[in-house]
Amino acid sequence: METKGANTMQKQAAPGAKRWVITVESRNEQHQEIILETIAKRAYQLFEQRGCAHGSDREDWVTAEKELLQNDFNGNTSQFDLFIESPRDPEVTTILSMTPHSMIVFRSHARHNGETEARPDVASVHLFPEEIDITQADVDRVNGLLHVHVPKKNHRNAN
């Protein structure tokens with residue numbers, strides 16, 4: 001995942017924890033490329049699981065999309081709230097990559113001597129039905145989950 005030129009902010013997942021949750025503002029085009037690449041990879045895995053039998057490519061694609069794309073928003077009128085699994089493994093870092101329209105959750109595993117740098121795995125994709133204000137995103141750790149609060153862009157509270 002390229003983060004060159006991205007606006008990066010880091011927050012510690014929990015006091016005293018050795019892993020970090022990193023949120024990265026990415027370009028929309030970059031997110032679309034990652035999403036399509038991940039869906040294609042999973043659809044191919046489904047094709048292989050069926051013994052490479054042709055004729056179900058659309059079915060495989062739709063299944064891969066359903067597995068990857070999440071629509072789990074607990075959204076009120078001013079923000080979206082998401083709950084993301086946070087592995088307790090100290091060698092796993094959760095990376096939240098956000099744009100005004102989407103969030104990709106990556107899992108990055110610690111490298112050991114002799115291992116080459118691997119690209120983080122895509123854990124899930126969240127497409128927002130309304131534009132979000134990524135500058136105001138906040139993350140809390142609650143019972144092994146990351147609670148992500150993302151305000152909607154240009155939302156004004158009526159008083």
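Where is the place of Cys52? Cys52 sits in the loop between helix H1 (28-49) and helix H2 (57-68), with helices (H or I, at least four residues) and strands (E, at least two) taken as DSSP runs and numbered from the N terminus. The model is a predicted one, so local features need pLDDT of at least 70 and side-chain atom pairs count only at pLDDT 80 or more, while totals for chains, interfaces and linings use all residues. Residues are numbered from 1 along each chain as its sequence is written, and side-chain values use heavy atoms, with hydrogens and water left out.

Back to the backbone. Phi of Cys52 comes out near 60°, a positive value in a residue other than glycine. Cys52 is partly exposed, at 38% relative accessible area; here buried means under 20%, exposed over 50% and partly exposed in between (1.4 Å probe, protein chains only). Asn143 also has a positive phi, near 45°, and is likewise not a glycine. Its loop runs between strand E9 (138-142) and strand E10 (145-151), and Asn143 is exposed, with a relative accessible area of 73%.

Next, the rings. Rings of Phe, Tyr and Trp (its six-membered ring) are paired if their centres lie within 6.5 Å, with planes under 30 degrees apart called stacked, over 60 edge-to-face and the rest tilted. By this rule there are two aromatic pairs. One of them joins Tyr44 and Phe47, a tilted pair at 5.6 Å centre to centre with 45° between the planes. Both residues belong to helix H1, three residues apart, or about one turn of the helix. Tyr44 is partly exposed at 46% relative accessible area, whereas Phe47 counts as buried at 15%.

The rings of Phe80 and Phe128 have centres 5.5 Å apart and planes at 40°, so this pair is tilted too. Phe80 lies in strand E5 (residues 79-85) and Phe128 in the loop between E8 and E9, so the pair ties together parts 48 residues apart in sequence. Phe80 is buried at 4% relative accessibility, and Phe128 is buried at 7%. Phe80 has a charged neighbour as well: Lys152 lies over its face, 5.0 Å from the ring centre. For a charge to sit over a ring, NZ of Lys or CZ of Arg must be within 6 Å of the ring centre and within 35 degrees of the ring normal.
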